[in-house]
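This report describes selected features of the structure shown below.

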Amino acid sequence: MTSTAIGFVGLGNMGGVMSARLVPAGFTVHGFDISPAARAALAEAGGVPHDNLGDAVRDASVVILMLPSSDVVEAVVSDPQFTLAAGTTVIDMSSSEPSRTQALAAELGRREITLVDAPVSGGVAGARAGRLTIMVGADATAVDRLRPVFEPIGNPVSVGGVGAGHAVKALNNLLSATHLLSTAEVMAAGQRFGLDTRVMIDVFNRSSGQSRSTSSKWPDFVLPGTFNSGFALRMMVKDMRIALGLAEQVGAADQLSRSSLEIWAAAADALPPTADQTELARWVQRLSAPGDDRGGD
């Protein structure tokens, strides 16, 4: 399968790194993004950039989408330039809405095109290292067939039928967001008491309070003050809303999650549109300052 031509649509923070990893694995990667800089980066990595969608996907037997939302995915798939031959597989690695993914899979199926949802977790660092967790919604046969495409990027995990990947991804990000918010509030309380932030993080990581927020996000992006994990705060809010929509659909308890979303949404309103998810920590810290409000910079 390494002789396969892959069309890759969406060459942003994650897509740019992921597409570049497929080139040394032996794939011919045709890429499209509205950003000229993103297309140039793919060329530097050995891929074949195109300045229009049609040329990027026309000869591909596998098309990968790494886009911001279901709205954008559906717009791309419905574009007249998105002309695929019967038998093509489309892999949506975006964070999309599960029910819309299932509807799109049915629509493409009528054109004899297979849709697989395979969102990822692990951030830009995980993408660079080829260690992303890939949550694949597809039958076992499709997962095995696509394994050579997934493995240069990370570890594929079969999570169920089509739509299941996007469901698990949204739920994972809801959990991740709640961890990060709770950690931010705990750290702010400890700092106001006079505790050392690095000592707190070290203790939490040796104890039952450990999470990805304490083991990675805080030491790598918050304590150094870089706030550049590579995942936008507003994208996290979008994923949280998808997960809560799923919880409402199935009648699951969601009181804590809704409170978490309310606070994240307030941060998104206050901070710049490009704010990284880890900026939440700085925003929460400001809330703890005497006389401060929830306003942004």
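Where does Ser69 lie? Ser69 is found in the loop between β4 (62-65) and α4 (70-77); helices (H or I, at least four residues) and strands (E, at least two) are DSSP runs, numbered from the N terminus.

The model is predicted: local features need pLDDT of at least 70, side-chain atom pairs count only at pLDDT 80 or more, and totals for chains, interfaces and linings use all residues. Residues are numbered from 1 along each chain as its sequence is written, and side-chain values use heavy atoms, with hydrogens and water left out.

Ser69 has 17% relative accessibility and therefore counts as buried (under 20% relative accessible area, 1.4 Å probe, protein chains only). Apart from neighbours within four places in sequence, Ser69 is in contact with Ser95, Ser96 and Lys238 (heavy atoms within 4.5 Å).

The axes of helices α8 and α12 come within 10 Å and cross at roughly 70 degrees; these axes are lines fitted to C-alpha atoms over the stretch in contact, with angles from 0 to 180 degrees between N-to-C directions. The two helices are therefore roughly perpendicular to each other (65 to 115 degrees). The residues that meet are listed by helix.

| Helix | Residue range | Residues in the contact |
|---|---|---|
| α8 | residues 164-193 | Leu174, Ala177, Thr178, Leu180, Leu181, Glu185 |
| α12 | residues 255-270 | Leu256, Ser257, Ser260, Ile263, Trp264 |

Confidence is given by pLDDT, the predictor's value for each residue from 0 to 100. The chain has a mean pLDDT of 94, and 96% of its residues reach 70 or more. Over residues 292-297, pLDDT stays under 50. Where pLDDT is low, the predicted coordinates should not be read in detail.

How values were computed
Parallel < 35°, antiparallel > 145°, perpendicular 65-115°, else oblique. Buried < 20%, exposed > 50% of the residue type's maximum accessible area, 1.4 Å probe, protein only.
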